Amino acid sequence: MNKEEFYQEVEKLGIQLNSKQKEQLEKFYEIVIEENTKINLTRITEKEEFYLKHFYDSLTIVKEVDLNHIESLCDVGTGAGFPGIVLKIVYPNLKITLVDSLLKRVKYLNDTIKKLELNNIEAVHTRSEDYKGQFDVVTSRAVASLEKLIPWCMHLVNNEGKLIAMKANIDSELEYIDKILKKYHVKIDKINKFLLPKENSNRSLVIIKKDNQS
């Protein structure tokens, strides 16, 4: 996916990028590629694949939540900053917390935030299960199974909020999930399955909410 194709595809998601945002995304790509030689951030380095599998994929969360009307978001296990930094560039209204357990990555993330001149976003060095906070949306992209994500993340979701797990194929995980859902008093509100453009690989957004009836 070249840059023009990327701009066209995100328009289909309802996103109009301005010139500053396009420049920030390109600069973010350059930073990741440079830092990737020092610490392990991504195996995807070719630009067209990067724009598809990191930038576009990060933005698919908008299929299930209107980020123009969300105040706070926590990205658990953010790694190189996906989707958190991408979402901050495209939705500057968001107050974003990036959580990662590796100190080297957290230093890289906070340096990157400064280089991109982003405000109201910070990276925190901690495990998600130890972090205290309440957010409208908690997201986690390709980090762990739902069985692990639910205990790691649901205490960070406010009563009206949601955990959005960004996954590939989800079917095998769903077979064993009922016990965890009951234990943590949560429910799967929706699963949105779709294909990435160009290469047609499977993606799933799993929306998990607190079950206030249970």
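Modeller: Threonine 126 is buried, with a relative accessible area of 17%. The cut-off for buried is under 20%, so threonine 126 falls within it. Keep in mind that this is a predicted model.

Where is threonine 126? It sits in the loop between strand E3 (121-125) and strand E4 (135-141). What does it touch? Leaving aside neighbours within four places in sequence, threonine 126 is in contact with Val99, Asp100, Ser101 and Tyr131.

Now step back to the whole protein. It has 8 helices and 7 strands. Its radius of gyration is 16 Å, close to the 17 Å that the globule rule gives for 214 residues, so the protein is as compact as a globular protein of that length. The C-alpha trace spans about 45 × 35 × 30 Å along its principal axes. Of the 214 residues, 54% count as buried. Take the contacts between residues at least 6 apart in sequence: 66% of them join residues at least 24 apart. The accessible surface comes to about 10,600 Å², and carbon and sulfur atoms hold 44% of it. Charge comes next. There are 33 positive and 33 negative side chains, and the centres of the two sets lie 3 Å apart.

Start with leucine 67. It lies in the loop between H3 and strand E1 (72-76). Its relative accessibility is 0%, so leucine 67 counts as buried. Beyond its neighbours within four places in sequence, leucine 67 is in contact with Ile61, Val62, Leu73, Leu87, Tyr91, Asn93 and Leu94. Glutamate 11 is 56 residues from leucine 67 in sequence, and their C-alpha atoms are 15 Å apart in space.

Tyrosine 7 is another case. This residue is in helix H1. Its relative accessible area is 12%, so tyrosine 7 is buried. Leaving aside neighbours within four places in sequence, tyrosine 7 is in contact with Leu17 and Lys22. Leucine 17 is 10 residues away along the chain, with 7.3 Å between the two C-alpha atoms.

Helix H2 (residues 19-35) shows burial along an element. At 1.5 Å a residue, its 17 residues should span 24 Å, and the end C-alpha atoms are 24 Å apart, so the two agree. Which residues of H2 are buried? They are Gln21, Gln24, Leu25, Glu26, Phe28, Tyr29, Ile31, Val32 and Glu35. The buried residues of H2 pack against helix H1 (3-12), helix H3 (47-59), helix H4 (84-90) and helix H5 (103-115).

Last, the backbone. Most residues other than glycine have a negative phi, and most peptide bonds are trans. The peptide bond from phenylalanine 82 to proline 83 is cis, with omega near 5°. Proline 83 is in the loop between E1 and H4.

Glutamate 117 has a positive phi, near 55°, and is not a glycine. It lies in the loop between H5 and E3. Is glutamate 117 buried or exposed? With a relative accessible area of 65%, glutamate 117 is exposed.

Asparagine 200 also has a positive phi, of about 60°, although it is not a glycine. Its place is the loop between strand E6 (186-195) and strand E7 (202-210). At 51% relative accessibility, asparagine 200 counts as exposed.

Definitions and conventions:
Residues are numbered from 1 along each chain as its sequence is written. This is a predicted model: local features need pLDDT of at least 70, side-chain atom pairs count only at pLDDT 80 or more; totals for chains, interfaces and linings use all residues. Side-chain values use heavy atoms; hydrogens and water are left out. Helices (H or I, at least four residues) and strands (E, at least two) are DSSP runs, numbered from the N terminus. The radius of gyration is taken over C-alpha atoms; the globule rule is 2.2 Å times the number of residues to the power 0.38. Buried means under 20% relative accessible area, exposed over 50%, partly exposed in between (1.4 Å probe, protein chains only). Contact means heavy atoms within 4.5 Å. Accessible areas come from the Shrake-Rupley method with a 1.4 Å probe; for residues, only the protein chains shown count as cover. Lys and Arg count as positive and Asp and Glu as negative; His and the chain ends are not counted. The place of a charge is taken as NZ of Lys, CZ of Arg, CG of Asp or CD of Glu. The expected span of a helix is 1.5 Å times one less than its number of residues.
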